[in-house]
Amino acid sequence: MLTEIAITDRFTITLAAVVYLIAFLYGLTSIGLKKPYSRSLVFALIVVGFILQTIGLNQRGAEIKACPLGNLFEIGQFMAWSLVVLYFIVGPIFQLRTIGIFAAGLAALLSGGTLLVPSWDTPYPPGIFGGNHWIELHAALAIFSYGVFAIVALVSAMYLIQQYGLKKKQFKGIYQYLPSVQQLDTIAYRLLLTGTIVLSASLAFGSFFWIENLNSVPLVKLSMTCLVWAGYLSVVALRTQRRFATKRQAIISILLFLLALASLGPVDAARATTSAQKPAATDQGDIAP
Amino acid sequence: MSEQLQSLFVLGSTHHEAPLELRERFALNATEVKNLQSQLHKLPGIEECLVINTCNRLEVYGLAKSPDIEDTVRNLLCSRNGIDRKVFDSHSFWRTNLDVLQHALEVSAGLDSQMVGETEILRQMKQAYESARREQCTGTILNRLFEKSFQAAKSARTQTGITRGQVSIGNVAVDLASRIFGKIASSRVLLIGSGEVAEKTAQALKSRGVADITVTSRTFEKAHRIAHELQGAAIEFSDFRAQLHRYDIIISSTSAPNFILEKEAITAACRARPRQPYFLIDLALPRDIDPAVDELDSVYLYNLDDLSKIANENLELRRAEIERARSILKGHAWNLWLQLHRRTLKPN
């Protein structure tokens, strides 16, 4: 039963990744050929991809009766899904040109990347959160904040590209489609602040459980998560105190996101080890990150 | 008499041969142009002469008694400006006879301009010609050459599409400002100096919604006049440095021989407005803004060469029209060459 559903939800998610990839390649090719691209078409493709991904994740969630965050595949999918949700909010509000193409590209990478490694989609018994909704909220918020940080990394990359073009006196090509450096800087900061608040809230919820069950959270998971959180918190603090140059903030935001992504592997491995040592019924809080 | 035409020459250094850093060393002010012209005319071997000096070119047109005048003219030009002769030689050109006619016609039609097809050069050439004629430095040959080149320029422009699709420096500046600030309507502009291109650039920004424009110039009356035209404000030249942090876009076009905005001044202004970018447009020659300011992260400095290069990016689309104009001018140059021959052979 689980295998049948897994095939079905993986198929829907695969379709979503393909649609994201089409949106990205269409936008990129148009820019490469110096042809104007249809923003509506990119948006429509992302909507289709999002619907397919939501169906896939919903199928997976219905099966495990919880938010699908039990293995690296699901974490990657949920992160891509969060990224697209944020694109739907950020894109129209800030009217950021080309962010759709970049968002589609990253969503395709996250979604497609996790699909390409079957070992990341290891089966696990239902009830991973042990019926504790606070833990489920902690996990969902943590991964959602990673989605926000993914958008921050995207906006930062767009900033660096635009800044490079302006500094090197490049006029045509992708530069003319990108938003202004000032817009990108402002949005990156607001999103960084949002992501840090969401991650802090997630850690706050998680800490209530952790204080009561000190041995239940692997040290690797704890230290990696705190490292990522402290990194983002430092960037926000330095930026608020105006002690951070815009370019440096953009580079560090990208590096921190890569660190956050890289930390998922060790965190998941630590979770799996801890799960194996304990009976499933008491496996509360073994979630990533 | 036709021997005269054998020594028609042009010595020049333009944006084709010399980068901005060298052109600003070769550049002359109005008085220096007048003095050079007069000195050239006094040379025993020179019968007629005319000096054209713009942001993109320094050219000496002349009619010499013998074809061996090149060294003399080069030496005079270098000695006046304290330029190393080897440097000047490697960044300049020397043309004679029919090539001079073809070159003058192409320059006046804007084909040789940094922004191909621009019309500003025709006005500058007319000014240079009027000045040389007033000083009686020109005679039959150069008068004919320049008057004919102005007519040929007009004909090349009307018969071809060399000016079609041309992008002005003002439009490039507006597009760059949008890439830096997004919506530019709330940007504050400071215009330093009273150069025509700078004024047009400010005008282009204004037409795109920029409302806050301030003008400063060494002559306050001039600043006041431009500010009135742009519906902006004028400030004293001595005050503008203290207020740099108030502006987002600074356009500078003065005739100052040295930098008027050094890195230290811009660094201090950046500190007063952290995280807000600066767009600096240096339209002066010699340059007004220290190029070292471009090292600052949030500062985007563009000079004449940068903006012209961008404005010319659609040049490929006009390539056929440019070739057509060149061929029309070739015909004019050849006719002029024959006319000058006939004229010089006629008995007085």
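Between which helices of chain B does the loop that holds B:Gln136 lie? B:Gln136 lies between helix H6 (120-134) and helix H7 (140-159) of chain B. This report on a predicted model returns to that residue under the backbone of chain B.

## Chain A: overall fold

The secondary structure of chain A consists of eight helices and zero strands. Read from the N terminus, the order of its elements is α-α-α-α-α-α-α-α. Chain A has 289 residues, of which 48% count as buried. Among contacts in chain A with a separation of 6 or more, 80% are made by residues 24 or more positions apart.

## Chain A: helices H5 and H6

Two packed helices are described by the angle between their axes and the distance between the axes. In chain A, the axes of helix H5 (residues 133-167) and helix H6 (residues 181-212) come within 8 Å and cross at roughly 160 degrees. H5(A) is therefore roughly antiparallel to H6(A), as angles over 145 degrees count as such. The contact of H5(A) with H6(A) involves 26 nonpolar residues, nine polar residues and one charged residue. The crossing of H5(A) past H6(A) is left-handed.

A:Asn71 is situated in the loop between helix H2 (39-64) and helix H3 (72-94) of chain A. With 21 other C-beta atoms within 10 Å, A:Asn71 is buried, because a residue needs 20 or more to count as such.

Apart from neighbours within four places in sequence, A:Asn71 is in contact with A:Trp120, A:Asp121, A:Thr122, A:Tyr124 and A:Asp268. A:Pro123 is 52 residues away from A:Asn71 in sequence, yet their C-alpha atoms are 8.0 Å apart in space.

Chain B is divided into domain 1 (2-159 + 317-345) and domain 2 (169-297). The centres of these domains of chain B, taken over C-alpha atoms, are separated by 33 Å. Five residues of domain 1 of chain B are in contact with four residues of domain 2 of chain B. On the side of domain 1 of chain B that touches domain 2, two residues are nonpolar, one is polar and two are charged.

Helix H5 (residues 98-108) of chain B is mostly covered, with nine of its 11 residues buried. Among the buried residues of H5(B) are B:Val100, B:Leu101, B:His103 and B:Glu106. After H5(B) comes B:Gly110, which has a positive phi near 85 degrees.

## Chain B: backbone features

Most residues other than glycine have a negative phi, and most peptide bonds are trans. B:Gln136 is not a glycine, but its phi is positive, about 60 degrees. B:Gln136 is exposed, with 10 other C-beta atoms within 10 Å. A positive phi of about 55 degrees is found at B:Gln231, also not a glycine. B:Gln231 lies in the loop between helix H10 (220-229) and strand S7 (233-236) of chain B, and counts as exposed with 9 C-beta neighbours inside 10 Å.

B:Leu285 and B:Pro286 are joined by a cis peptide bond, with omega about 0 degrees. B:Pro286 is found in the loop between strand S9 (278-282) and S10 of chain B.

## The contact between the chains

Chain A and chain B each bring 16 residues to their contact. On the side of chain B that touches chain A, helix H8 (169-181), strand S10 (299-303) and helix H12 (304-311) each supply at least two residues. H8(B) provides the largest share of that side, four residues. By class, the side of chain B that touches chain A has seven nonpolar, three polar and six charged residues.

Terms used
Residues numbered from 1 in each chain as written. Chains lettered and ligands numbered in written order. Predicted model: local features only at pLDDT ≥ 70, side-chain atom pairs only at ≥ 80, totals over all residues. Axes fitted to C-alpha atoms, helices over the stretch in contact; angles between N-to-C directions. Parallel < 35°, antiparallel > 145°, perpendicular 65-115°, else oblique. Left-handed = near helix turned anticlockwise from the far one by under 90°. Nonpolar A, V, L, I, M, F, W, Y, C, P; charged D, E, K, R; others polar. Contact = placed C-beta atoms within 7 Å. Buried ≥ 20, exposed ≤ 12 C-beta atoms within 10 Å, placed from the backbone. Domains from an automatic or database assignment.
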